[in-house]
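Trainee: I'd like to learn how to read a contact between two chains. Could you walk me through one?

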Amino acid sequence: MNENDDDIARLFARVRRPACEGGRWPIVRARIGGRLSRWLLLLALFPAVRLLLLAGGFPAVSALKLAPLALAGLLFVLLRVNPFRVEPLLAGDER
Amino acid sequence: MDDREAVERCRAGEREAYRFLVERYEREAFAHALALLLNRADAEDAVQDAFVDAWRAIRRFDPSRRFYPWFYVILRNRCLKSRRGRSPERLDDTLVVAAAPEDRDLAGDLDRALRKLPAGDREILTLHNLDGLGVREVAARIGVPEGTVMSRLSTARRRLREQLGPRGREMLE
């Protein structure tokens, strides 16, 4: 650390982060408890899609025929969230 | 309960144990998200999303490691995703406040200067100077080599000096 870097450190030594509020647990809890309901929703969608197809004049669609559609939906939900994917770094973030 | 025990219990599916981790780190996480996003609502969303992501991934977490550095990677990714395609940042929150009343102007100068920096500069300066993390720890947090951290720190300090107002510059002289 050179002399100038010490100056910056001294500058930061005279400030602190403002106090932040807590209280996020109820929201987080509701959301982490929501996974099962997401699966149930997907299951519920399954016959709903079938009924829609029937109502639209399509011939009876068996559960087996809808399986690829359900699988695609499932993969979309699972692959969309990947918190560990390496994101591009912020170095090029020039404004 | 400590972090390790909480993580072990979370890995066993005990949701209440996660409360301990959320309540322990939510303020720090929010401050970090705010430094990246400069927007209270976006930072709140990023923190909540990151805690949900972390819960879902906690079985893959090695409990012998510290929780927050691992969580920070998730939070940071959430913040970066949130930044994509957004209109210019709204400046509605303070990043730093004076430690003593006589430093109020200085804190104002520093706050304004930090906001004008690219998010990466702001992140590295606050991790190093406000949180007191060493170069190695910063490198681990943001996933780059130590040499890169040093070079980015140097650039960030130069840009900060350029952006400082009169009180801040006075302090540097």
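Trainee: How many salt bridges does the rule find across the interface of chain A and chain B?

Mentor: First, a caution: this is a predicted model, where local features need pLDDT of at least 70, side-chain atom pairs count only at pLDDT 80 or more, and totals for chains, interfaces and linings use all residues. Residues are numbered from 1 along each chain as its sequence is written, chains are lettered from A in the order in which they are written, and side-chain values use heavy atoms, leaving out hydrogens and water. Now, a salt bridge is a side-chain nitrogen of Lys or Arg within 4 Å of a carboxyl oxygen of Asp or Glu. Here the rule finds 6 of them between chain A and chain B. In one, the side chains of A:Arg24 and B:Glu44 come together at 2.7 Å, N to O.

Trainee: How many residues does each chain bring to the contact?

Mentor: Contact means heavy atoms within 4.5 Å. Chain A gives 41 residues and chain B gives 69.

Trainee: And how much area do the two chains bury between them?

Mentor: Buried area is the accessible area (1.4 Å probe) that two parts lose on being put together, summed over both. For chain A and chain B that's about 5200 Å², with 57% of it on carbon and sulfur atoms.

Trainee: Which strand of chain B do the bridges join to E1(A)?

Mentor: Strands are DSSP runs (E, at least two residues), numbered from the N terminus, and two of them pair if DSSP finds at least two bridges between them. Here 2 bridges link E1(A) with strand E1 of chain B, residues 97–98, and the strands run antiparallel. Look for A:Arg16 opposite B:Val97 in E1(B).

Conventions
Helices (H or I, at least four residues) and strands (E, at least two) are DSSP runs, numbered from the N terminus.
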